[in-house]
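These are my notes from a first pass through one structure, kept in the order in which I looked things up.

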Amino acid sequence: MKPRSIHHVDLDAFFASVEELLDPAISGLPIIVGGDPQGRGVVASCSYAARAFGVHSAMPVAQALRLCPQAIVRHGHHSVYAAYSRRVMAILAEYTPLLEQISIDEAFLDVTGSDRLFGAPETLAHTIQNRIQVECGLPSSLGVAGNKLVAKIASARAKPRGVLVVPSGQEAAFLAPLTIDRLWGVGDVTADRLRKEGISTIGKLAALPLRDMERLFGNGAAGMHRRALGIDDRPVVTEWHRKSVSQERTFARDVSSIEVLMHCLLQMSEEVAAQLRKDGDCARTVVLKMRYPDFTTITRRVTLAQPTNLAEVLHQEASQLLRREWKRGAQLRLIGIGATGLVRGRQLALFDDHSEQLSRLSRAVDKIRSRYGRDSIRRAALLETSESPEEQPPREGNGRPMV
Ligand SMILES: [Mg+2]
């Protein structure tokens with residue numbers, strides 16, 4: 001595969017930087033954007049002057065103010081932040097249609113092959129950084145690499161106001177000295193476990209024998225090994241593709257039976273998977289949505305090692321989320337399943353023949369249904385249920401984004 005050129009653009013201390021623009025008198029001072037210090041507010045963003053005192057985002061505001069009593073606290077101007085974000089994204093969109101915004105102040109750009117137009121990747125990164133500074137007044141950092149994983153880690157290393165390019169072939173060497181918590185897929189719990197085993201850097205992780213990787217990560221071993229080496233084939237997913245397919249059911253009577261919930265999930269997984277196949281998409285992320293009788297709504301998501309368009313996989317992942325997140329016996333008013341992070345293409349069967357068989361079976365079922373109607377062929381598990389909850393019309397969430 002031809003090396004790609006991926007930029008990760010991340011605004012520096014975004015909310016705090018906008019607050020400086022709104023009130024130049026506080027520019028350069030320690031600024032905290034966050035909730036009420038009297039309550040349980042946390043720091044949403046803080047200026048680098050505040051960070052010098054040990055303040056960081058997600059820290060309770062009260063604690064941040066103990067570290068830095070002179071900090072200026074702002075409660076946030078979210079519509080202003082959104083407007084600045086749109087201006088920045090509009091600049092980025094001038095350089096490529098392959099633009100993936102991943103949060104209010106972060107995006108990936110795939111600018112492979114545009115050297116003749118915009119100069120070498122490093123030159124382009126400085127151009128973009130400059131324009132964001134001059135036209136929006138905002139500082140940013142950029143990481144440039146052959147894939148998203150390394151580009152994102154590079155931009156974090158470049159902060160603040162930096163550009164860091166990791167040349168093709170240097171990915172593993174760049175990651176090797178960094179601490180394991182930098183690596184995508186390594187959360188706090190995993191990081192703790194690895195450190196206890198003496199694996200403190202990404203390089204040490206990459207050097208582990210396969211047997212140890214499997215002991216530590218089970219099925220995820222191969223993926224983790226590749227990431228530790230800085231290998232990542234994920235495409236930049238444009239807005240157009242970042243839609244989702246989802247289904248949800250609102251029950252006429254609240255439901256607390258695991259059989260009924262599982263049955264609903266299976267039925268909806270079939271519908272979502274059929275839609276994905278029809279659109280020629282596969283989903284990287286499965287979302288489970290639950291609403292309790294008091295309307296508290298919970299969504300939980302899991303990212304798959306391989307994008308899928310198979311009902312079996314969607315159902316299995318959603319069921320696992322349900323078992324983990326739902327208190328057994330609790331009443332639910334609504335349950336839903338969504339497939340997001342869509343990418344073009346058919347289910348890959350890299351790992352096993354089973355998914356290839358399922359894939360073929362699913363396509364055969366799609367064909368029969370398109371000829372003889374939706375109910376012409378059904379899964380045995382869907383033929384009978386102990387209890388059939390009535391559904392409330394109209395049904396929500398037909399193919400609409402579920403977030
Ligand atoms: Mg940022």
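Before counting sheets I settled the term: I take two strands as paired if DSSP finds at least two bridges between them. I also kept in mind that this is a predicted model.

I then looked up the pairing of strand 2 (residues 31-34) with strand 4, which is parallel and runs over three bridges; within it, Ile31 has Ile72 of strand 4 as its bridge partner.

I next turned to an open sheet of four strands, whose order is 9-12-10-11 and whose pairing is antiparallel. Here strand 9 (245-255) and strand 11 (297-308) are the edge strands, and because each has a single partner strand, one side of each is left without a neighbour in the sheet. Neighbouring strands are turned against each other by 15° on average, direction ignored. Strand 10 (residues 281-291) pairs with strand 11 over eight bridges in the antiparallel sense, and I noted that Val287 stands opposite Arg301 in strand 11.

Which strands does helix 13 lie across? I found that helix 13 (residues 258-279) lies across strand 9, strand 10, strand 11 and strand 12 (332-344), and that it runs at about 160° to strand 9. The same helix 13 packs with helix 14 (residues 311-325) at an angle of about 140°, their axes being 8 Å apart, and the crossing is right-handed. Among the residues making the contact are Leu261, Leu265 and Leu276 of helix 13 and Leu314, Ala318 and Leu322 of helix 14.

**Entry 4, a hairpin.** Strand 5 (residues 99-103) and strand 6 (residues 106-110) pair in the antiparallel sense over four bridges, and a hairpin joins the two through two residues. In this pairing, Glu100 stands opposite Phe108 in strand 6.

Which residues coordinate the magnesium ion? I read off Asp10 (OD), Leu11 (O) and Asp105 (OD), at 2.1 to 2.4 Å, and in sequence these donor residues are spaced D-L-x93-D. Asp10 and Leu11 are both buried.

I counted zero disulfides. Cys68 is in none, the nearest cysteine sulfur being that of Cys46, 9.4 Å away. Is Cys68 buried or exposed? Its relative accessibility is 0%, so Cys68 counts as buried; Cys264 has 5% and therefore counts as buried too, the limit being under 20%.

I ended with the totals: the secondary structure comes to 16 helices and twelve strands, and 46% of the 403 residues count as buried. Of the contacts with a separation of 6 or more, 66% are between residues 24 or more positions apart.

Terms used
Residues are numbered from 1 along each chain as its sequence is written. This is a predicted model: local features need pLDDT of at least 70, side-chain atom pairs count only at pLDDT 80 or more; totals for chains, interfaces and linings use all residues. Side-chain values use heavy atoms; hydrogens and water are left out. Donors are N, O and S atoms within 2.8 Å of the metal (3.2 Å for Na, K and Ca); water is not among the atoms, so sites may look incomplete. Buried means under 20% relative accessible area, exposed over 50%, partly exposed in between (1.4 Å probe, protein chains only). Axes are lines fitted to C-alpha atoms, for helices over the stretch in contact, and angles run from 0 to 180 degrees between N-to-C directions. Contact means heavy atoms within 4.5 Å. A disulfide is a pair of cysteine sulfur atoms within 2.5 Å. A crossing is left-handed if the near helix is turned anticlockwise from the far one by less than a right angle, and right-handed if clockwise.
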